[in-house]
Amino acid sequence: MLAKRSDFGVRLSNSMAKYGPLCIGIDPHRKILTNWGYNVDADGAEMFSMRMLQASRGRAAAVKFQTSMFERYGSKGFAALERVLYTARQMGIITIVDCLRGGLPTTISALADAYFKKDSPMLADAITLLPYYGARSISPLVEEALSNGRGVFVASLTSNQEGASLQTAIRQRGEYEGKTVAYGIASCAQKFNEGCTGMGSVGLIVGATIGQWMKESGVDPASFSGPILSPGYGWQGAEAKDLKTVFKGTKGNVLVTVSRFIASHGPDISQLSMATESISLDIRQALLEATEEGQDDDDQD
């Protein structure tokens, strides 16, 4: 059973070791579809996604699909998402569905059927979760993911500035009374990774742009043993120095998502591939320096 619970973390860790810490966000924005000369519809979104998968193969540890970019086209959009997820599985690429879901037990059960079961129509390796029904409200879905060899990423410190006031708010009661909301979420997620050898299967979402209020949150990414999915690099303003600040002392478990910067080089496959390789090297170097700086601090203590 422990092997099943560790499966996603092991597979993602191996992929990151082989291809580096880049996750390519496959987000078919209207503007990008237009720039590429594609129709702004479900067919255009599917064609865009297939081309991004080609550029991702062998160059990124995982890909992440933003469901809202498909959902806008209704049933045809969801059908397109099913097909690109199937293609990614056939190509052996690890998939993350960025649906940011959460809810009550009946909702949770439906999500497990949609994304985690072997015959699920939109089978994915992991999905993203919002824990604001209460961190424990997602426990049944996390258990479903782990028992099926899948993973989740729980939003803890998101890259949008408006989230800071909520995520750094101090809890007034409960197990984490006196700690921030973000700290409680990260601590709950970490419990699922206890007993795992290597990287766990329950991850956090920690934005690369949150360095200025990192200390206020009380969250220490370096002490987290699951994967950390980090948006915000590139188009949203985070640079290499931000990765080194936020993820100082981490040990190879940070997966940085990049979408629009890479997509802006399309639709030419060679240009997409070159952009992917270039940004992957930049991210790898920044995170390597973050790890080394943490080790230097430990040696001085």
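## Alanine 42 and its surroundings

Not counting residues up to four places away in sequence, alanine 42 touches Tyr73, Lys76, Gly77 and Ala80. The model described here is a predicted one. Alanine 42 belongs to helix H3. With a relative accessible area of 8%, alanine 42 is buried, because buried means under 20%.

Threonine 180 gives a sense of distance from this residue. Alanine 42 and threonine 180 lie 138 residues apart in sequence, and their C-alpha atoms are 41 Å apart in space.

## The barrel

Eight strands close into a barrel, in the order S1-S2-S3-S4-S5-S6-S7-S8, and their pairing is parallel. From one strand to the next, the twist averages 30 degrees. Helix H3, which spans residues 42–56, packs on the sheet and touches S1 and S2. The direction of H3 makes about 165 degrees with that of S1. In general, strands of a sheet pair through backbone hydrogen bonds, in either a parallel or an antiparallel way.

Isoleucine 205 has leucine 229 in S7 as its bridge partner.

## Strand S1

Strand S1 covers residues 22–26, and five of the five are buried, so the strand is largely enclosed by the rest of the structure. Leu22, Ile24 and Ile26 point one way from S1, while Cys23 and Gly25 point the other way. Residues on both sides of the strand are buried.

S1 pairs with two strands described here. With strand S8 (residues 254–258) the pairing is parallel over three bridges, and leucine 22 stands opposite valine 256 in S8. With strand S2 (residues 62–66) there are four bridges, and these two strands also run parallel. The bridge partner of glycine 25 in S2 is lysine 64.

## Helix H9

Helix H9 runs over residues 181–193 and has 13 residues. From its first C-alpha to its last it reaches 19 Å, close to the 18 Å expected at 1.5 Å a residue. Glycine 195 follows H9 and has a positive phi, near 90 degrees.

Of the 13 residues of H9, 10 are buried, so this helix is largely enclosed by the rest of the structure. The buried residues in H9 are Val181, Ala182, Gly184, Ile185, Ala186, Ser187, Cys188, Ala189, Phe192 and Asn193.

## Helices H6 and H7

Helix H6 (residues 105–115) and helix H7 (residues 139–147) pack at an angle of about 20 degrees, and their axes are 9 Å apart. Angles under 35 degrees count as roughly parallel, so H6 and H7 are roughly parallel to each other. Their crossing is right-handed. On the H6 side the contact is made by Ile108, Leu111 and Ala112, and on the H7 side by Pro140, Leu141 and Glu144.

## Lysine 244

Lysine 244 lies in helix H11, which spans residues 240–246. Its relative accessible area is 23%, and because this falls between the 20% and 50% limits, lysine 244 is partly exposed.

Leaving aside neighbours within four places in sequence, lysine 244 is in contact with Ala286, Glu289, Ala290 and Glu293. Between lysine 244 and glycine 211 there are 9.4 Å in space, C-alpha to C-alpha, and the two are 33 residues apart in sequence.

Key. Residues are numbered from 1 along each chain as its sequence is written. This is a predicted model: local features need pLDDT of at least 70, side-chain atom pairs count only at pLDDT 80 or more; totals for chains, interfaces and linings use all residues. Side-chain values use heavy atoms; hydrogens and water are left out. Buried means under 20% relative accessible area, exposed over 50%, partly exposed in between (1.4 Å probe, protein chains only). Contact means heavy atoms within 4.5 Å. Two strands pair if DSSP finds at least two bridges between them. Axes are lines fitted to C-alpha atoms, for helices over the stretch in contact, and angles run from 0 to 180 degrees between N-to-C directions. The expected span of a helix is 1.5 Å times one less than its number of residues. Angles under 35 degrees count as roughly parallel, over 145 as roughly antiparallel, 65 to 115 as roughly perpendicular and the rest as oblique. A crossing is left-handed if the near helix is turned anticlockwise from the far one by less than a right angle, and right-handed if clockwise.
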